[in-house]
Amino acid sequence: MPDPLDRATFLLRVADAVDLQPAEVGEVLEELTSHLSDAAAGWRAAGLDVDDAEQRAIRSLGDPATLGHELGRARHRRRHLLAAVGGAAFSALGFGAASLAMVWLLAAAVVLCALSALIAITQVTGMSGSGWLTGPSASVGTVVLAVLWFAWMGWALPARVARRVGRSVRGVRLAVGIGGLVAWSVVLWTLYSTDMDWILAIGLPLGPVAFLLAALRPATSVTTFPRTTARGRLALLLAVVAATTGAGFATVQANDSSSWWSGDVSSIGVASDTEPLLAGSGSPVNWGDVQGGPGLFASYVVGDPSRVAAFEQRFSTFRLEVWPVTVVDHQVNLGPAPLAVAATPVASEMVVGLDVPSPRSPVQVEAVVVLVARDGTRVVLDPGGLDRTPPWKGTLLDWWCTSR
Amino acid sequence: MARDPLRTELMKGAMAYLVLSVLREGELYGYQIAVKIRERSDGAFLPSEGSLYPTLHRLETEGGLEAVWRAGDRGPRRRWYRITPTGHAKLAALEEEWAAFSSAVHRVAARREPSGA
């Protein structure tokens, strides 16, 4: 036979088993306390001594864990599954959007300050700062920010969902954690399309895992964003304005000497000034917005109609080629083969275009326009500007499941 | 105190009916409900108070009862329960169901097949 429980232990065990919000748990315990007092008084009036009356009253309520569990279930019946799921989703969306906005505002402020400081450092030290806030370092920053945000959400959300659906934090944490892991994984893997690289492809899936782990050790009460005083808000505003101004000023002052370069394209053809037939007009290689619309095209018009026949007899193909390059000491070296080629037969007017390739690891490229003579000679009409291939864009599923 | 398991199971099934029945006459709090059931049954029903409170809360969440906290003249405040129109309708349905059930039980128990048939 188990040891008799005292009233406090009995009530603690009920509280431990009842899956309700703290305020409701308090009411349940208060009702049971008054019942125990009444029942004990009744048994005392019937002739039992104080201790026996108390034990009789406690035993009449049965097993505390069963009682707590049944009380929780009794109060959950009205809260239908759909309402609970809807409430949880509402909490997640509202709180998620607010905290995401907060995180990105803070990140923007930090980036502005960092940009200002980095440019100042490059000015003083002469170091090259290009790429510090883009490429891999930006991806690392994004992954860190995303994982922290997911962890914060996983830590804070169970208490909000519990309040919304009238359950205890302990009672909802596993459901919130697994629900978040599944929902966020679906979003990240199949819906969220972004500029992707290896760091993001490996780091972003860690976000939902961080959410789950944090949800299993959640905040026990609803957390809110820290409120700052008017003086604190003013200081933050001044810091952002100063950083923005500093970054802008430093950018104006910056003289990035790394941008000039000279190219030697003799390995892929002869220069156009050696070809007497080229009296027409050609557009330079036109890059689209490489970040947004990676289009590339070039055109050529044989200006003198009397030369068209000779031109067509001399040349066979008009080509636009995108070559991978390396730049060492401002000298451009072309790679072994073009990444992309578009070609059209020679005519009096020619236009050729292609989509700029976007390999998983962006490379520096140079686009060139070439006329190929019928004897195989290649005449380089227009060595285009240097640029980087646009970032690979897509979902995690595309990244990991499509051919490389 | 040993309890008859059959009676305990029957009590669980009938608890909502008993609770609504005693509350038909006016507001009561949990302990009073338990006492009233015990007294009216001449001690035949000793409601497990562990199943009384889940039943009260379940009836409340279903809309059959309303509950309100009131401070007592002496001692702690108590949660008083009152039957609602929904509760009255539920009680009527339970009465009908119980009457049909008990009648059927009696008919089965009283029936004797003719011997040698």
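**Chain B, the cores and chain A**

Mentor: Start with chain B, which has four helices and three strands. Keep in mind that this is a predicted model.

Trainee: What pattern does chain B follow along the sequence?
Mentor: Chain B reads α-β-α-α-β-β-α.

Trainee: And how many of the residues in chain B are buried?
Mentor: Buried residues make up 26% of its 117 residues.

Trainee: What about contacts in chain B between residues 24 or more positions apart?
Mentor: Take the contacts in chain B with a separation of 6 or more. Residues 24 or more positions apart account for 50% of those.

Trainee: OK, cores. How many residues are in the largest nonpolar core?
Mentor: The largest nonpolar core has 34 residues. B:V19 and B:L56 have the most contacts inside it.

Trainee: Which elements supply at least two residues each?
Mentor: Both chains take part. From chain A you get helix 1 (7-17), helix 2 (22-45), helix 3 (50-60) and helix 4 (64-76). From chain B you get helix 1 (5-23), helix 2 (30-40), helix 3 (49-61) and strand 3 (78-83).

Trainee: Which one gives the largest share?
Mentor: Helix 1 of chain B, with six residues of this core.

Trainee: Back to B:V19. What is it in contact with, leaving aside neighbours within four places in sequence?
Mentor: B:V19 is in contact with B:I33, B:T55, B:L56 and B:L59.

Trainee: How many residues does the second core have?
Mentor: The second, separate core has 30 residues. Among them are A:F150, A:L157, A:F211 and A:L212.

Trainee: Now where the chains touch. How many residues of each chain are in contact?
Mentor: On chain A, 18 residues are in contact with 15 residues of chain B.

Trainee: Which elements of chain A give two or more residues to that side?
Mentor: Helix 2 and helix 4 of chain A. Helix 2 of chain A gives the most, with seven residues.

Trainee: How does that side split by class?
Mentor: The side of chain A that touches chain B has five nonpolar, seven polar and six charged residues.

Trainee: Let's zoom in on helix 3 of chain A. Which residues are buried there?
Mentor: A:E54, A:A57, A:I58 and A:S60. They sit on the same side of helix 3 of chain A, because they cover an arc of only 165° around the axis.

Trainee: What do those buried residues pack against?
Mentor: They pack against helix 1 and helix 2 of chain A, together with helix 3 of chain B.

Trainee: And what comes just after helix 3 of chain A?
Mentor: There you find A:G62, which takes a positive phi of about 80°.

Trainee: Switching to strands. Which strands pair with strand 7 of chain A?
Mentor: One is strand 11 of chain A (residues 364-373), which pairs with strand 7 (residues 315-328) in the antiparallel sense over nine bridges. Strand 9 (residues 340-345) also runs antiparallel to strand 7, joined by six bridges. Then strand 8 (residues 331-334) is joined to strand 7 by four bridges, again antiparallel.

Trainee: Which residues stand opposite each other?
Mentor: A:P324 stands opposite A:V365 in strand 11 of chain A. A:E321 has A:V341 in strand 9 of chain A as its bridge partner. For A:V328, the bridge partner is A:Q331 in strand 8 of chain A.

Trainee: What's in the hairpin of strand 7 and strand 8 of chain A?
Mentor: Two residues lie between the strands. In this hairpin, A:D329 takes a positive phi near 50°.

Key: Residues are numbered from 1 along each chain as its sequence is written. Chains are lettered from A and ligands numbered from 1 in the order in which they are written. This is a predicted model: local features need pLDDT of at least 70, side-chain atom pairs count only at pLDDT 80 or more; totals for chains, interfaces and linings use all residues. A nonpolar core is a set of buried Ala, Val, Leu, Ile, Met, Phe, Trp, Tyr and Cys residues joined through C-beta atoms within 7 Å. A residue is buried if 20 or more other C-beta atoms lie within 10 Å of its own, exposed if 12 or fewer, and partly exposed in between; C-beta atoms are placed from the backbone. Two residues are in contact if their C-beta atoms, placed from the backbone, lie within 7 Å. Ala, Val, Leu, Ile, Met, Phe, Trp, Tyr, Cys and Pro count as nonpolar, Asp, Glu, Lys and Arg as charged, and the others, Gly among them, as polar. Two strands pair if DSSP finds at least two bridges between them. The arc is that of the directions from the helix axis to the C-beta atoms.
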